[in-house]
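Me: I am new to reading protein structures and would like to go through this one slowly. Could you show it to me first, and then take my questions one at a time?

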Amino acid sequence: MVVETYLDLRAQLGASLHNLLPLADHLGASDETIQNIRNLLSGLDQPFLFVVVGEVKAGKSSLLNALFGA
């Protein structure tokens, strides 16, 4: 569910940024712009942290189960 959608969108974004990098260079984009694209690409490799906090019996596990399809 959510995980599959997230991973798919992350892959699409990575492909788009990967294609954008040589285009930006070809068009003479600034070094700052090129570096920003590279930073975005490297950030996609970082793990995604998801935290749920709440009182006992407040529905945290139910929320996670619903989000992740378990």
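Me: Where is Leu 9 placed, and is Leu 9 buried, partly exposed or exposed?
Reply: The model we are looking at is a predicted one, and in it the place of Leu 9 is in helix 1. Buried would need under 20% relative accessible area and exposed over 50%. Because the relative accessibility of Leu 9 is 49%, this residue counts as partly exposed.

Me: How far apart in space are Leu 9 and Gly 43, C-alpha to C-alpha?
Reply: Along the sequence, Leu 9, which belongs to helix 1, and Gly 43 are 34 residues apart. In space, going from C-alpha to C-alpha, the separation of Leu 9 and Gly 43 is 14 Å.

Me: What span does helix 1 reach from its first C-alpha to its last?
Reply: Helix 1 runs over 2–26 and has 25 residues. At 1.5 Å a residue the expected span is 36 Å, and the computed reach from first C-alpha to last is close to that, at 36 Å.

Me: Which element do the buried residues of helix 1 pack against?
Reply: The buried residues in helix 1 are Gly 14, Leu 17, Leu 21 and Ala 24. The element that these buried residues pack against is helix 2.

Me: Which residues is Leu 44 in contact with, leaving aside its neighbours within four places in sequence?
Reply: Leu 44 is one of the residues of the largest nonpolar core. Once the neighbours within four places in sequence are left aside, the residues in contact with Leu 44 are Arg 10, Leu 13, Gly 14 and Leu 17.

Me: Is Phe 48 buried or exposed?
Reply: Phe 48 is placed in the loop between helix 2 (31–43) and helix 3 (60–68). Together with Val 3, Leu 7, Phe 50 and Phe 68, Phe 48 makes a nonpolar surface patch of about 460 Å². Because its relative accessibility is 56%, Phe 48 counts as exposed.

Me: What distance separates the C-alpha atoms of Asp 31 and Val 53?
Reply: Asp 31 lies in helix 2 and, because its relative accessibility is 68%, counts as exposed. Asp 31 and Val 53 are 22 residues apart along the chain, and their C-alpha atoms are separated by 41 Å.

Definitions and conventions:
Residues numbered from 1 in each chain as written. Predicted model: local features only at pLDDT ≥ 70, side-chain atom pairs only at ≥ 80, totals over all residues. Heavy atoms only, no water. Patch = residues over 30% accessible without salt bridge, like charges linked within 9 Å, V, L, I, M, F, W, Y side chains within 5 Å. Areas by Shrake-Rupley, 256 points an atom, 1.4 Å probe, with all protein chains shown as cover. Salt bridge = Lys/Arg side-chain N within 4 Å of Asp/Glu carboxyl O. Helix = DSSP H or I, 4+ residues; strand = E, 2+ residues; numbered from the N terminus. Buried < 20%, exposed > 50% of the residue type's maximum accessible area, 1.4 Å probe, protein only. Core = buried A, V, L, I, M, F, W, Y, C linked by side-chain atoms within 4.5 Å. Contact = heavy atoms within 4.5 Å. Expected span 1.5 Å × (residues − 1).
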